[in-house]
Amino acid sequence: MKNRMIKLIAIFFISSLFGLSNADIQANKLFELLKAKRSRNSPVLNKWTVSDEATEEYSPVYIAPQDGLAQLDKILALPGQPAGVSFNQYSGYVTVNPNAGRALFYYFVESPTDSSTKPLVLWLNGGPGCSSMIGAMSELGPFRINSDGKTLFRNDYAWTNVANMLFLESPAGVGFSYSNTTSDYDNSGDKNTADDAYVFLVNWLERFPQYKTRDFYITGESYAGHYVPQLAYTILLNNNKTSQTVINIKGIAIGNAWIDDEACSKGMYDYWSTHALNSDATHDAVYKYCDFASNSSSAMCDNITDKAWDEMGNIDVYNIYAPICLTPKQRNTSASPGSINKFDPCWQYILEFYLNDSMVQKALHAKPTSWDLCSDVITTWNERAVTILPIIKYMIENGQRLWVFSGDVDARVPITSSRYSINTLNLPIETAWRPWYLNKEVGGYLEAYKGLLLITVRGAGHTVPSYQPQRALALFSSFLGGILPSSS
């Protein structure tokens with residue numbers, strides 16, 4: 001099994017090196033984590049204990065003076081942004097541990113219309129160890145980057161149309177976030193990430209006190225299938241005992257999310273088989289020789305899973321029908337305007353080029369940084385849960401809105417993985433599987449359970465808003481409104 005995971009890493013490293021695949025780097029980080037799980041340096045598993053009661057006394061979290069910092073964080077303009085920008089943007093650092101010198105970077109965009117009445121939504125990308133500026137600049141934020149890597153164009157389907165969006169780079173060591181105590185990077189894990197994100201939120205709400213009573217939601221994708229529920233659980237637990245800020249959390253939405261190791265692994269191989277990426281013989285052999293429940297390793301399992309990957313060939317496993325980035329180092333320097341309906345397969349190189357511009361970093365109030373999509377200083381992930389299902393169950397029991405959405409052409413954390421994970425909960429079905437519509441076309445499919453909605457986005461890959469921005473916005477708007485998308 002260990003050899004199999006090493007092979008997976010090698011495939012994606014080589015393909016990105018030679019420009020043969022535009023595979024999503026945050027999901028590549030998931031490969032590394034699964035590899036570590038089976039190595040001598042395996043992270044500690046299942047440290048999360050879900051409890052209905054706040055059994056421990058509340059220890060007040062660090063809160064720094066925040067007066068005046070919001071105004072200092074206000075962005076005058078991002079380099080290359082189009083004319084006519086009428087909304088407020090902010091970015092900067094929030095210290096979460098002054099002794100260690102640990103600070104998290106955020107980018108915040110207020111809705112251009114009626115921002116005072118709209119909810120506050122936190123977005124988290126996955127990895128673990130990948131930047132939420134991926135979501136801000138290539139998925140659901142107000143701008144996308146033109147292929148010249150220097151200018152921006154408007155995202156007509158930005159989630160800021162319906163919410164005030166907060167993007168957090170977490171944990172320290174990701175993107176512009178940092179610690180002056182480098183050993184912090186070696187202590188990264190699920191629990192510490194959630195704890196620091198909670199301290200960040202308490203301090204951020206002091207900096208922006210007008211949002212303290214606003215409805216609050218958390219959204220994210222990929223390994224944020226851990227981050228988002230774990231942070232929500234941390235908030236709910238602390239809300240029951242805090243003498244500080246009570247965060248008005250109302251629900252979460254997670255996309256193409258890694259929820260449960262066994263269910264997600266089985267779902268991946270089943271998706272490959274049913275989408276003509278693997279032969280029947282290979283699929284049957286995977287189930288014959290691999291035990292996903294125990295994660296035990298065998299030479300036969302290693303060999304057959306190697307074959308399953310080889311049979312796919314050089315495609316983008318995160319959107320199996322998308323073009324791949326064949327010329328990663330060649331950008332169109334003419335600054336021709338991009339189209340929100342055409343996602344550039346070389347987006348990763350464009351994003352890195354833009355965010356490493358010194359003028360961009362200055363405008364963002366960021367420390368001079370060699371910015372990367374995913375952290376290269378976080379080399380280990382010390383503890384994580386093998387399943388998030390107990391937290392999901394806890395959230396349902398505590399009346400939180402919970403949507404699981406899935407781009408249906410992602411083969412890395414596919415819809416089958418989400419379905420298998422949810423099926424484990426044995427929830428009663430309240431609305432049977434049906435299509436949902438946008439502009440008289442099928443936008444995807446949904447099935448509503450008691451306390452949870454599973455919904456797909458037709459034609460979307462692992463990063464749903466990148467490939468189907470209009471459908472993603474329609475889904476997000478429905479989520480905030482607590483209503484199912486149209487059935488016709």
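C325 and C346 are joined by a disulfide (a pair of cysteine sulfur atoms within 2.5 Å), with their sulfur atoms 2.0 Å apart. Both cysteines sit in the loop between α10 and α11 (347–355), so the bond ties together parts that are 21 residues apart in sequence. Helices here are DSSP runs of H or I with at least four residues, strands are runs of E with at least two, and both are numbered from the N terminus. This is a predicted model, in which local features need pLDDT of at least 70, side-chain atom pairs count only at pLDDT 80 or more, and totals for chains, interfaces and linings use all residues. Residues are numbered from 1 along each chain as its sequence is written, and side-chain values use heavy atoms, with hydrogens and water left out.

The link of C325 and C346 is right-handed, with 100° about the S-S bond. C325 is buried (under 20% relative accessible area, with exposed over 50% and partly exposed in between, for a 1.4 Å probe and protein chains only), at a relative accessible area of 1%. C346 also counts as buried, at 12%.

A search of the whole structure finds three disulfides. C290 pairs with C301, and their sulfur atoms are 2.1 Å apart. C290 lies in the loop between α9 (280–289) and α10 (299–312) and C301 in helix α10, so this bond ties together parts that are 11 residues apart in sequence.

C130 and C374 form another disulfide, at 1.8 Å from S to S. This pair ties together parts that are 244 residues apart in sequence. Counting bonded cysteines along the chain, the pattern reads 1-6, 2-3, 4-5.
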